[in-house]
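The structure is shown below.

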2 protein chains.
Amino acid sequence: VLRQVAGRAAPAVGKGAILVVATKGIERDSLAIMTRVAEEELPGRAVVALSGPSFAAEVATHQPTAIVAASTDATAAERAQLAFSSPEFRVYTNDDVVGVELGGALKNVVAIAAGAVAGRGLGENARAALVTRGLAEMARLGEALGARRETLMGLSGLGDLLLTATSPTSRNYRFGQELGRGRSPRELLAPGAALSEGAFTAEAACRLAATVGVELPVADAVRRVLAGDLTVDAAVELLLARRPAARE
Amino acid sequence: VLRQVAGRAAPAVGKGAILVVATKGIERDSLAIMTRVAEEELPGRAVVALSGPSFAAEVATHQPTAIVAASTDATAAERAQLAFSSPEFRVYTNDDVVGVELGGALKNVVAIAAGAVAGRGLGENARAALVTRGLAEMARLGEALGARRETLMGLSGLGDLLLTATSPTSRNYRFGQELGRGRSPRELLAPGAALSEGAFTAEAACRLAATVGVELPVADAVRRVLAGDLTVDAAVELLLARRPAARE
């Protein structure tokens, strides 16, 4: 979708413009992150990714919020920072675009898994263990793709995951809750149902991880449950028991 | 307290016994972690720290739970693992005792701060930003004291923090909520009030951090609020605005 929008907008966007990308995901065919898509469709413009723990309703009501503006172009990141900052809305710059974007995309997948654990009634201990594993796999994939581990442990990684994977305000978490309560993936993914970005990201993330030889147990379980290859119970059993009697 | 109990129990504890320490904290005078205290009072016995995201009520009802048994003595860690493991209660070993214990102790302090943000009505975005900073300072202190960063990002660090700093089931979080709602530290710390371990840990953690030249902005803010040196509003302002217009 971003590719189509950006492609159509291209003629109207000046060469000096800075593109600020707030959407998260991994393009299904190319496995590209969103800033890459924007760069390809609008070559020559500086691109900034905006990401971090930011429920829209709280931003709209001026609750304190802190996010990240990431770009390989430091000047562009600083201009975006200046443009979006307010006393309640704090924007930090980062040059690790891949880390920031992967955090934003993968946290939706982990949020589905966390929601499913909660929806299945397995409690907060299990959800915490699952989210911990989820962040570990986010960091592993990030590092393999050249991101900095600390970016995944920052606002746009851990921070956003924390928000998304523990709160029914998140669409992805709610989607997972419904799965955990027994609704079928087919029904939840039907046209017209509430959109869960993570449901689309899971499969692309697994293919992206395979290109660098990294395993994503949480994303893979989500992918298989959504494909109808695995029940929620079997997925939970796999994820919470993967290394029995093992070292942490 | 652990020192007194351990000291009194010493004569009854055989030399081959393994001590399993489940309490969290930093001793006020010596700044020692709890396994150190146990080792000093019961010299010659193997000591294991047990820590991780585990609300007692869920463990008691056999909800899935995953925690860590940490010891410098691998055999002792494995024996504790074997003794406590069940299909629903998974125990992973780790040799990074300092990392595991610091995570368990410091997460209570961050949970107070997170509870205060929530109690003050500042929303989930702000709480996520605060907890992200909290984990970063936990990892900084851990590394300075010889712990592995990944331990702080594991079950006994991030996992336990995630649980404790987002759920009113945690005493420390509830203590923070009350602070945020305007109750005075004096009242909350009065004899007979509900115990918050983090309220005691905050000050010791700051002194411990000073010995290795590390700053703990979150713990220091909690310490100052509890000492009556800072209001909750001023603390939040400090914590969420510490690096305005900065890099992440």
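A salt bridge is a side-chain nitrogen of Lys or Arg within 4 Å of a carboxyl oxygen of Asp or Glu. By that rule, two salt bridges are counted between chain B and chain A. In one of the pairs that meet the rule, the side chains of Glu237(B) and Arg90(A) are joined, with 3.9 Å from N to O. The model is a predicted one. Polar contacts across the interface of chain B and chain A amount to 16 residue pairs, both residues being at pLDDT 80 or more.

**Symmetry of the two chains**

Two copies of a chain are related by a rotation about an axis and a shift along it. Here, chain B is superposed on chain A by a rotation of 180 degrees with 0.0 Å of shift along the axis, and the RMSD is 0.0 Å. That is the relation of a two-fold axis. Both copies use the same surface, since 100% of the contact residues of chain B recur in chain A. Among the residues of chain B, Leu162(B) comes closest to the rotation axis, its C-alpha lying at 3.6 Å.

**The interface**

The size of an interface is often given as the accessible area lost when the parts come together.

| Quantity | Value |
|---|---|
| Residues in contact, chain B | 49 residues |
| Residues in contact, chain A | 49 residues |
| Area buried between chain B and chain A | about 4,000 Å² |
| Share of that area from carbon and sulfur atoms | 52% |

In chain B, the residues that lose the most area to chain A are Tyr92(B), Asn125(B) and Glu248(B), which together give 19% of what that side buries.

Several elements of chain B each supply at least two residues of the side that touches chain A, including strand 4 (89-94), helix 8 (155-164) and helix 13 (232-240). Helix 6 of chain B gives the most to that side, with ten residues. By class, the side of chain B that touches chain A comprises 24 nonpolar, 16 polar and nine charged residues.

**Helix 9 of chain B**

Helix 9 of chain B, residues 171-180, is mostly covered, with seven of its ten residues buried. Among the buried residues are Tyr173(B), Phe175(B) and Leu179(B). Just after helix 9 of chain B, Gly182(B) takes a positive phi of about 110 degrees.

Conventions: Residues numbered from 1 in each chain as written. Chains lettered and ligands numbered in written order. Predicted model: local features only at pLDDT ≥ 70, side-chain atom pairs only at ≥ 80, totals over all residues. Heavy atoms only, no water. Least-squares fit on C-alpha atoms with pLDDT ≥ 70 in both. Contact = heavy atoms within 4.5 Å. Buried area = accessible area lost by both parts, 1.4 Å probe. Polar contact = N/O pair within 3.5 Å; in protein donor to acceptor, adjacent residues only side chain to side chain. Helix = DSSP H or I, 4+ residues; strand = E, 2+ residues; numbered from the N terminus. Nonpolar A, V, L, I, M, F, W, Y, C, P; charged D, E, K, R; others polar. Buried < 20%, exposed > 50% of the residue type's maximum accessible area, 1.4 Å probe, protein only.
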